[in-house]
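Please keep the structure in view while reading.

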Amino acid sequence: MAVGGVTFKSDDIVIKSPNDGRLYRYIQLENGLCALVVHDPEIYPDGALEPSKAPANTEEEEGEEEADDEEEEEEGEYRPSKAPANTEEEEGEEEADDEEEEEEGEYSEDDEDEEEEDEEGEDDEVEGKEKRKKNASQTKKAAAAMCVGMGSFADPSEAQGLAHFLEHMLFMGSADFPDENEYDSYLSKHGGSSNAYTEAERTCYHFEVNREFLKGALRRFSQFFISPLVKIDAMEREVLAVDSEFNQVLQSDACRLQQLQCHTSAPDHPFNRFCWGNKKSLIDAMEKGINLREQILNLYKDNYRGGLMKLVVIGGESLDVLENWVLELFNNVRKGPWVKPEPRMAVPIWKVGKLYRLEAVKDVHILDLSWTLPCLRQDYLKKSEDYLAHLIGHEGRGSLHFFLKARGWVTSISAGVGNEGMQQSSIAYIFSMSIHLTDSGLEKIFEIIGFVYQYFKLLRQVSPQEWIFKELQNIGNMEFRFAEEQPQDDYAAELSENLFVYPKEHVIYGDYAFKEWDEEKIKNLLCFFTPENMRIDVLSKSFPESQDFQYEPWFGSKYTEEDISPSLMALWRDPPEIDVSLHLPLKNEFIPCDFSIHANNMHNDLANESLPRCILDTQLMKLWYKLDNTFKLPRANTYFRITLKEAYDNVKNCVLTELFMHLLKDELNEIIYQASVAKLETSIALFSDKLELKVYGFNDKLPVLLSRILAIAKSFLPTEDRFKVIKEDMERTLRNTNMKPLSHSSYLRLQILCQSFWDVDEKLCSLNDLSLADLKAFIPKVLSQVHIEGLCHGNMLKEEALNISNIFENNFPVQPLPYEMMHKEHVINLPSGANLVRDVRVKNKPETNSVVELYFQIEPECWAKSTTKLKALVDLFDEIVEEPLFNQLRTKEQLGYVVECGPRITYRVFGFCFCVQSSKYNPVYLQERIDYFINGLEDLLAGLDVESFEQFRNGLLAKLLEKDTSLTYETNRIWGQIVDKRYMFDMSVKEAEELRSICKSDIIDWYRTYLLQSSPNCRRLAVRVWGCNTDLKEAEAQSQSVQVIEDLTVFKTSSKFYPSIC
């Protein structure tokens, strides 16, 4: 029964898209807490369960569940992700599959750079949730998020990183649920997961869980904000987790640059702090006599109160039920009003007229320019800063990017106010330009800045253009109207943050709104883009030898501070001329006009088909098609893999093909960029001998864009100047490959497992010898025979899909590539009882992190009696083991921040991996601890009672039958089946059917067969990457049963390989 009451409630205040079927209720509790409860009808598509049938939603059964959970001795995990939100995404978090299952074998050196630039890449080797049968129950998860209006700006100077540490400690038990693992143990058993992050002014906690268990999860979650224990012994361990998290980003150039900007800001400015926190910042505070627990509790008491909390709950229950749960569970949050922050003095953040040079970890040259703007939150309907970002970061003809790229000085430019808390605070907005330079561009920094100020002068002269604003307005409106859904917990976190940023009516619309044209506001903002208000940072591996360098204290980064000459400042302030090549962009031809939905007008079988079907199968092309009848948005996704002749036959051909792809992307950049502004995206990538082209987004202009792309590709011939720039960029990418130990270990594992794997050093050596003439001679040959396999999925008629196939045939009037000429990958067949070790030092010499990746090879899909049963066994084992692994090796033993396990499917050969990264322990010790855990799993599995086993199995069943989040998610899942040539589009339904018959003894038998070393079917490969603070000599004392791989070529030559399956 609900306790207390609400002071405000509205069901119709939130403005939502006409295509959004969810219901929203905004409520404010008497304690000041504001909540948005969201009824999602697709969570219970057949109607919400009766209370008597929903165990987590009744007091009696909830109490029994709690008692059962408290009796269990297994402890669970929590996963606070990022210190400030500006840290790099944790590796692996972007995987689309809740099962964290990895389809492997196609490694790209570009992956690491994309992570560094915080670009959202798609891991096409990740297996998504499989398509359900037509009659299968399709459900969604429930979710919740709490955003607290306090972040790292609240850190006391004597204990920096305290807000982040507090975020960690809230996971470590509460008065009602004292077990440290209770919250995540509950989520793990019920198909859920959790995360949290600390920004400059906010801290956000969020989770998702299977629909029936929302109230049970909320009950545990609410105690974070009512009665956390903050136990001393937990603090002593968890400070090591904070330290491990910091060590994760210690070698990140982006994080080093941010910390330098903080370190060199005005001493009394809120920016002048160390947001991450580490062992030194927190332990040193205790050694100076500061009571850290008292500090944490004071921080909690001062800020964790109702008026500073925004809660979002998304469930399938009615709004009344969800409201009652919020009242019942969050009514005891400490009462306290929201206090408007006191106006801060407009103290300049940085010194005027300075240039900072920061030594990079990777081989990069980046020019970073920053201007301080006033806080613009109140002007979100005008988005004047986004108008300027659109022009300054534009890549079309007349733009800075186009102009500087033509000179061979830059490879990319991004511009705007970042989403992170430090860039969008109540104190100031930071508008940044990040300019990636070539070697010659590094020598032209001052000239480049001069052209930037020429462009600013142009913007002032031509005055703001309303037609440009209206283009952005139209794009924003169509995105709002036809938004794709995102995972429930991400959506909950976004809404909870937005409740701090926008008025409640615009909690959804605020991000998309270009509502008010204000020419004067734009002119006013342009006044802030002056040399006196500019900070210059140059991040480069080419660091000048100087006696005047300094060290940033937390990261230990080497930097210099230089004065900009008054004459340069004067020249930038008022450039004498504007280069005639600089001008405003042309009107965007790719903004869609037709938003009609084809499925609404279809009355034939195509509209009701739940699985894709092949509509074209010739020697040249195979095309799959599915009309979307689920999401009904004017979007379509068209994916193609073009297999090229002899593209992967040898290392030279491999490198030439990569060069061709990068030069083609460079040639296409202007048109691809223009389309992307209109939310029609293009992706071009290379996987062995297959060029993958994806064109996806609003479907109206999709065929036009695809025709333009293929026409350019057909007649494209590279030029000497662009060849030189792209070759240099590719060399840099290859040199930067494997700088992160986790990426390095995965790379090494695949290098061992795959028969054909061209090493980055081989590729770099080959690239150095290549000329433009080599490439020009190669292109006609590699395109002389091709085979295309594609998928058209979404708001597209069958006839339109067939027309797209005609576009390909018209642009590739070549002979089809026979199957026997296509590259086929073979995976090594590890011998019975194999116990292999590969030891390698970190590539980045100052890197302290070591990694152990212990891989167990299971068997190929084609050897299994039932592929889906084997997959169900692997997935259920992962579901059961993941949390105890994390709890033992991370929470209790504090080996390192990354402790994980999961299936690995390498070209359809099943495997299972355990992985630990540590900056404290060497790989030998890490492997010993992993082995100790694995050897104890039989007792853990045997000790599972019937109820716990059923919970894990039901949790996995719910994941397998979960509804696809979006059209893109469904497309990626279908595409994964096509790429693997498995074509089992309802695989998860078949796996779910197998899962229902699996019992505990099956899991134990599987474990004994494949993971126990006494079994002849146990075949192990340990990849160990040794950090700089470890001694590789300790690897020499190997057990006699271990085979060390010292010469990889000799090892692979003497090995057997499985037949190619895909």
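## Helices H30 and H32

Helix H30 (residues 946–960) packs against helix H32 (residues 987–995) at an angle of about 165°, and their axes lie 9 Å apart. Here axes are lines fitted to C-alpha atoms, for helices over the stretch in contact, and angles run from 0 to 180 degrees between N-to-C directions. H30 and H32 are therefore roughly antiparallel to each other, a term for angles over 145 degrees, while those under 35 degrees count as roughly parallel. Helices (H or I, at least four residues) and strands (E, at least two) are DSSP runs, numbered from the N terminus.

In the pairing, Arg953, Leu956, Leu957 and Leu960 of H30 meet Ser988, Glu991, Ala992 and Leu995 of H32, where contact means heavy atoms within 4.5 Å. By class, this contact of H30 with H32 has five nonpolar, one polar and two charged residues. Ala, Val, Leu, Ile, Met, Phe, Trp, Tyr, Cys and Pro count as nonpolar, Asp, Glu, Lys and Arg as charged, and the others, Gly among them, as polar.

## Basis of the model

The model is predicted: local features need pLDDT of at least 70, side-chain atom pairs count only at pLDDT 80 or more, and totals for chains, interfaces and linings use all residues. Residues are numbered from 1 along each chain as its sequence is written, and side-chain values use heavy atoms, with hydrogens and water left out.

## The second largest cavity

The count comes to nine cavities of 30 Å³ or more. A cavity is a set of points, on a 1 Å grid over the protein atoms alone, where a 1.4 Å probe fits but cannot get out; lining residues have an atom within 4 Å of a point. The second largest cavity has a volume of about 120 Å³, the space filled by probe spheres set on the points, which are joined across faces, edges and corners.

Its lining includes Ile642, Phe660, Leu710 and Lys714. Two or more lining residues come from each of helix H20 (651–677), strand E21 (690–698) and helix H21 (702–715). H21 gives the most, with four residues. By class, the lining has 11 nonpolar, no polar and one charged residues.

## Helices H21 and H26

H21 also packs with helix H26 (residues 798–811), at an angle of about 10° and with axes 10 Å apart. H21 and H26 are therefore roughly parallel to each other. Among the H21 residues that meet H26 are Leu710 and Lys714, both of which also line the second largest cavity. The contact of H21 with H26 has eight nonpolar, three polar and one charged residues.

Note on methods: Parallel < 35°, antiparallel > 145°, perpendicular 65-115°, else oblique. 1 Å grid on protein atoms, 1.4 Å probe; cavity = no way out; pocket = protein on both sides within 12 Å on 5 of 7 lines; lining within 4 Å.
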